[in-house]
Amino acid sequence: MKRQFLVLSAAIALSTSAMAAEFKPAVVFDMGGKFDKSFNQSVFDGVEQFRRETGVRYREFEVTNPSQREQALRKMAQRKADPVLAIGFAQATALEKVAKDFPNTKFSIIDAVVDLPNVQSIVFKEQEGSFLVGLLAAMKSESKVVSFVGGMDIPLIRRFNCGYAQGAKYAVKDVTVISNMTGSTPSAWNDPVKGGELARSQFDRGSDVVFAAAGGTGVGVYQAAKDAGKFAIGVDSNQNHIHPGTMLTSMIKSVNVAAYNTFKTAQDGTWEAGFNTLGLAEGGVDWAYDQHNKSLITPAMKAAVEKAKADIISGKIVVHDYMSDNNCPSL
Amino acid sequence: MSNKTLPAWVDVGVLPLLNVCLAFIVSGFVILLIGESPLEAVKYIITGAFGYDEGIGYTLFYTTNFIFTGLAVSIAFHAGLFNIGGEGQAYIGGLGVGLMCLSLDNFLPWWALLPFAIAAGAAFGAAWAFIPAYLQAYRGSHVVITTIMFNFIASALMVYLLVNVLIEPGSMAPQSRSLMESATLPSMQDLFAAVGIDIANSPLNVSIFLALICCVLVWLLLWHTRLGYSIRMIGFNENAAVYSGINTRRIIVITMCISGGLSAMVGINEVMGAQERILLDFVAGAGFTGIAVALMGRNHPIGIVIASLLFGALKQGGAELSFENPDIPNNIVVVIEGLVILFCGALTLMIKPGAEKIFLKLTNKKESANV
């Protein structure tokens, strides 16, 4: 009898551990890969943090051509991975097909909207955060010229650019905004040399604050700003620490937090399908203020940016979304 | 006896096979170095590429792309031209295919649309190759440099068009609207379903037949037409070609245009077949892989089909490998591909003298035994 009990309890212990092991999250990175020093890497940081904290291994795949998007998502679902996290707007079409075929699997996608009952769409209001840093840039600028260096010329980056310009013009009416994109291939996300060149040419045209929304390319932009004694604004994560005294602030886009939360909520059962739009109000985007840039932000600037932030959250200021009409009135 | 050379089947069959094996052995050491099992890796690659219907579908889908670009590179090779612009020509060719499909897909079914799409794609791809060809033939700008440059121009142009002109209104992604269902090429699972066989979903479509037809056409062109003779003669000796009255400049331009048109057929496979829309970076390196395919396939259509199959299998099997074993990074597949190219392309003659000796010894023994 006792032996039977032992066997039984062992069986129960085994089955519970099997159930715990059944939580198999997966992530499908997009072209560029998880070490792109930008968007994908931010996701990687988030899921790694999850792995470190919980000890749960996750499946991953890096897409290297467009046909692999559907293949990878399908394969993850076939292998009973759940939830499956798709990264980037380019995977939306593939996810739509796959999510229909696997209605019992939870899917999350970052940076795109897929309207299905088992898909959670996470999008950011990059324009709102960009508005705030644009406002700071214009207030800091003495030449009344501020500039923007984008990565690859895609609508998403134009959304950053447009919010930035609107914020700058909101703070200083007659400010000039110069905008350049680094390139037209994915290598534009990781081209610090060209980023530096673009920044220098913008300085020559009078700019004294530059905002880089260009992934790894930004490193070159910040270095150029430091060398020329100008100011730069970081992106995605808090990059203020890179060059204290040069980095005016950073536009934080919490992709890593979103990725982490997807796994975390799925694990504890609070994951919900639907749209998750993360703006200033939700803490998905923000501006960075810490010991590295304290001395650069005057009390007047801080007051103005906090007021603008409150006004955006309350709806008093409406920041134009480039993607809503593929048009930017501020540029 | 030493003046005896290798028979053709050893030269084009056994030697490349040995080279591939060498490449795999070296790759095995690389995988050992990062602490993984090479045998397991080989198992994943082979079962991933050929082990089940979905894998085979993807393998053949990539093969289709590589046949097109491999043929494109090889035909230029035959005229002594190194066309590195397959990537850009395929990209722009896909634009031509896509534009034709987008404008006519409301009116025509796929089989009626296909000839127009092929014509448009070929015209766009040829036009993209025409400029470097003209500069090479009439201005002396080297075609290697100009075709590389044109790859960048192509990608800049495509981004501009997709972001500003062709983008589906309200869409986040820079891509055109989807083609009508009736206008896209039937996929292999549709074909098999029609005869009652159920196979897994893959992007493989009827373009693969087009690829095989192109192989035959290229073979006919190169070895059975006057134009093909001129092309090969320029490749062997341009001065002799001029002396024998061939208008080399004209032939160079024509060859490059054919090459560009063949690359453009990637657009049929990708835009009209698999993706069903124009999107960014759909070529994804097929143009460059075509160079390796042509090198390995000895610029002959049959060789190109075999080499394409190898690279297609590597691509699909490699994806499977990094899927099954995340500790083997994706870049290892690039390393393996690189080693295959190195051994089959650059070092193709390295093992020839040794192999020759061994082969002759073996045949000698046989002969003396027979005596």
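User: What radius of gyration does chain A have, and what would a compact globule with 331 residues have?

Analyst: This is a predicted model. In it, chain A has a radius of gyration of 22 Å, which agrees with the value near 20 Å that a compact globule with 331 residues would have.

User: And what does the C-alpha trace of chain A span along its principal axes?

Analyst: About 85 × 40 × 40 Å.

User: How much of chain A is buried?

Analyst: Buried residues come to 57% of the 331 residues in chain A. As for contacts between residues at least 6 apart in sequence, 69% join residues at least 24 apart.

User: What secondary structure does chain A have?

Analyst: Chain A has eleven helices and twelve strands.

User: Which domains is chain A divided into?

Analyst: Domain 1 covers 2-124, and domain 2 covers 127-252 + 285-325. Their C-alpha centres are 33 Å apart. Ten residues from domain 1 of chain A and nine residues from domain 2 of chain A take part in the contact.

User: What kinds of residues are on the domain 1 side of that?

Analyst: On the side of domain 1 of chain A that touches domain 2 of chain A, four are nonpolar, three polar and three charged.

User: Switching to confidence. What is the mean pLDDT of chain A?

Analyst: The mean is 89, and 94% of the residues of chain A reach 70 or more.

User: Where does pLDDT stay under 50 in chain A?

Analyst: Over residues 8-21 of chain A, and there the model has zero contacts beyond four places in sequence. Where pLDDT is low, the predicted coordinates should not be read in detail.

User: OK, now the two chains. How many residues are in contact between chain A and chain B?

Analyst: 23 residues of chain B contact 26 residues of chain A. On the chain B side, the elements giving two or more residues are helix H3 (53-78), helix H6 (143-165) and helix H13 (301-324). H6(B) gives the most, with four residues.

User: What is the split by residue type on that side of chain B?

Analyst: The side of chain B that touches chain A has 18 nonpolar residues, four polar and one charged.

User: I've been looking at Val144(B). Which helix is that in?

Analyst: Val144(B) belongs to helix H6 of chain B.

User: Why does Val144(B) count as partly exposed?

Analyst: Because Val144(B) has 15 other C-beta atoms within 10 Å, and a residue needs 20 or more to be buried and 12 or fewer to be exposed.

User: Which residues does Val144(B) touch, leaving out those up to four places away in sequence?

Analyst: Phe82(B) and Ile84(B).

User: And how far is Val144(B) from Ala127(B)?

Analyst: Their C-alpha atoms are separated by 17 Å, and Val144(B) and Ala127(B) are 17 residues apart along the chain.

Terms used. Residues numbered from 1 in each chain as written. Chains lettered and ligands numbered in written order. Predicted model: local features only at pLDDT ≥ 70, side-chain atom pairs only at ≥ 80, totals over all residues. Contact = placed C-beta atoms within 7 Å. Nonpolar A, V, L, I, M, F, W, Y, C, P; charged D, E, K, R; others polar. Domains from an automatic or database assignment. Rg over C-alpha atoms; globule rule 2.2 N^0.38 Å. pLDDT = per-residue confidence, 0-100.
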